[in-house]
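Take a moment to look over the model shown here. What follows is a friendly walk through it.

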Amino acid sequence: MRRHLDSLIASLADSNINARPDAAHSDRPREECGVFGVFGHEEAATLIYLGLYALQHRGQEGAGIVCSQDGMLTTHRGVGLVSDVFKPHKLARVQGTHGIGHVRYSTYGMSNLKNVQPLVVDYARGSMALCHNGNLVNAAVIREQLESEGAIFQATTDSETIIHLISRSREQSFTDCVIDALRQVIGAYTILAMNGEEIVAVRDPLGFRPLWLGRLDETFVLASETCALDIIDADWVREVEPGEVITIGRDKLESRKPFPPATPKQCIFEFVYVTRPDSVIFGKSVDVVRKAMGRALARVAPVAADMVMAVPDSSNPAALGYAHESGIPFDMGFIRNHYVGRTFIEPDQGIRDFGVKIKLNPSRSTVDGKRIILVDDSIVRGTTAKKIIKTLRRCGVREIHYRVASPPIINSCHYGIDTPNRHKLIAHNFSVEEIRQFLEVDTLAYLPIEEMLRATEGNMQHFCTACFDNNYPTPTPDRFQPRNNAARHIDHSTDVYGG
Ligand code: SF4
């Protein structure tokens, strides 16, 4: 069995479906995107820049800002981190009193400049721009239909279908055109759309992704997370509700609920991993929920040990929760290098586990001879967990009890969290005992799904848990396969990793 597991896992690691150079050593589900909008401020672009900086954890492959000055849209977008894309002279070119911005991780479409948002177009009624967080499940068939009618697409992102639908709408107001477009799509969408006069903010009826309304004096602010409101000292007004459409214009703030009512299905993985712990989403502090998950884990999977430690940083709150509940001391067993850029050159051979070691290194004096409880927020392929465990063993750890503060991930996400194809997920293929053998740990336990949901102290029916239990709250993309699979051209000139 061991050899079978090892060879399978090796093949999973090598055949990364997304073919991203850094993904072989990054065995994490990927953040998706973050959005930020400002209405009514002379320095809108600077505020958006700061907001995107706070949301950088939600996407590192591209960033963009568009602002409106007297109805004229100006934009700047680029591949890379916010600080790389927006040098001061480039930010200064984006002028206006209202605008929207986006940080991107490519969950759909290639990671090149054409897919970086906001998407900005000129159409019959002027100019408009769009930021989208989430994935649509029926984008491919809509695109096929539009192309059959003569539409020309520039990007490969699903968000471009929305902007086409807005442009074609026969409704009168910009908000009604946005609503008309969104009635035709299925899936996850937190949207900021704008024209020269207004910003329209929307959360899909199931509310997969978070969105906040804030206020800075007379200026309205929209942000994926509260940490982005905090960075500009904006007050938190309230969360945009699932299915809510908010229009902000001059002397205008309107809220509507135009979609049929639905039971919310907010992404539980936002609590597990995606959102920053200092943010509040879905009515709860992420830090508090993660600690509650850790405490629950200590109750359902106790074990005698000398110390609790985390796989930093996202697992820190859960590990602290485990330590508080168990009474076993927490210690910093790993030191994380916060200065690792995405472009470091990984040697092909010779330096084993380089990718993991450059990011995380055990503190030998802390772990040597100890029985440790290692708390992680999730396991995807299992390849990084295995390498981490190896590095701990080399430092003389006596026992490793691996505790995962979420259930086994058995399915892919179709709503904006980048998980591999399910056949590449270790828990899709193997039992907990088989995974324990593969990881070579003394014990392994996951947090049961009911305990994870209970930790939110929210309505347990109001969360999507599809990657853990296969209960997808919408039809899945295989129900919307286009008939025409014509090859699409590839534009390498703006690739993030191009030479
Ligand atoms: Fe979140 Fe998982 Fe549902 Fe995707 S499938 S929205 S990651 S809970």
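## Before we start

This is a predicted model, where local features need pLDDT of at least 70 and side-chain atom pairs count only at pLDDT 80 or more, while totals for chains, interfaces and linings use all residues. Residues are numbered from 1 along each chain as its sequence is written, and side-chain values use heavy atoms, with hydrogens and water left out.

Helices (H or I, at least four residues) and strands (E, at least two) are DSSP runs, numbered from the N terminus. Two strands count as paired if DSSP finds at least two bridges between them.

Let's begin with an open sheet of 6 strands, which pair antiparallel in the order 5-6-7-8-12-13. At its edges sit strand 5 (119-123) and strand 13 (252-256), and each of them pairs on one side only. On average, neighbouring strands of this sheet are turned by 15 degrees against each other, direction ignored. Angles here run from 0 to 180 degrees between N-to-C directions, and axes are lines fitted to C-alpha atoms, for helices over the stretch in contact. Zoom in on strand 5 and you'll find 5 bridges in the antiparallel sense to strand 6 (residues 126-133). There, V121 stands opposite M128 in strand 6.

Helix 6 (residues 159-168) lies across strand 5, strand 6 and strand 7 (190-194), at about 145 degrees to strand 6. Helix 7 (residues 174-182) lies across strand 5, strand 6, strand 7, strand 8 (199-203), strand 12 (245-249) and strand 13, and it runs at about 30 degrees to strand 8.

Strand 21 (residues 399-404) joins strand 22 through 4 bridges in the parallel sense, and Y402 stands opposite L444 in strand 22.

## Around the ligand

Which residues are around the ligand? They are F208, R209, C267, I268, F269, C413, Y415, I417, C464, A466 and C467, where near means that a heavy atom of the residue lies within 4 Å. Helix 9 (268-274) and helix 18 (466-469) each supply at least two residues of this shell.

By class, the shell has 10 nonpolar, no polar and 1 charged residues. In this scheme Ala, Val, Leu, Ile, Met, Phe, Trp, Tyr, Cys and Pro count as nonpolar, Asp, Glu, Lys and Arg as charged, and the others, Gly among them, as polar.

Most residues other than glycine have a negative phi, and most peptide bonds are trans. Q117 and P118 are joined by a cis peptide bond, with omega about 5 degrees; P118 lies in the loop between strand 4 (98-104) and strand 5. The bond from P312 to D313 is cis as well, with omega near 0 degrees, and D313 is in the loop between strand 17 and helix 11.

D217 isn't a glycine, yet its phi is positive, at about 55 degrees. You'll find D217 in the loop between strand 9 (212-216) and strand 10 (219-223).

Definitions and conventions:
Contact means heavy atoms within 4.5 Å.
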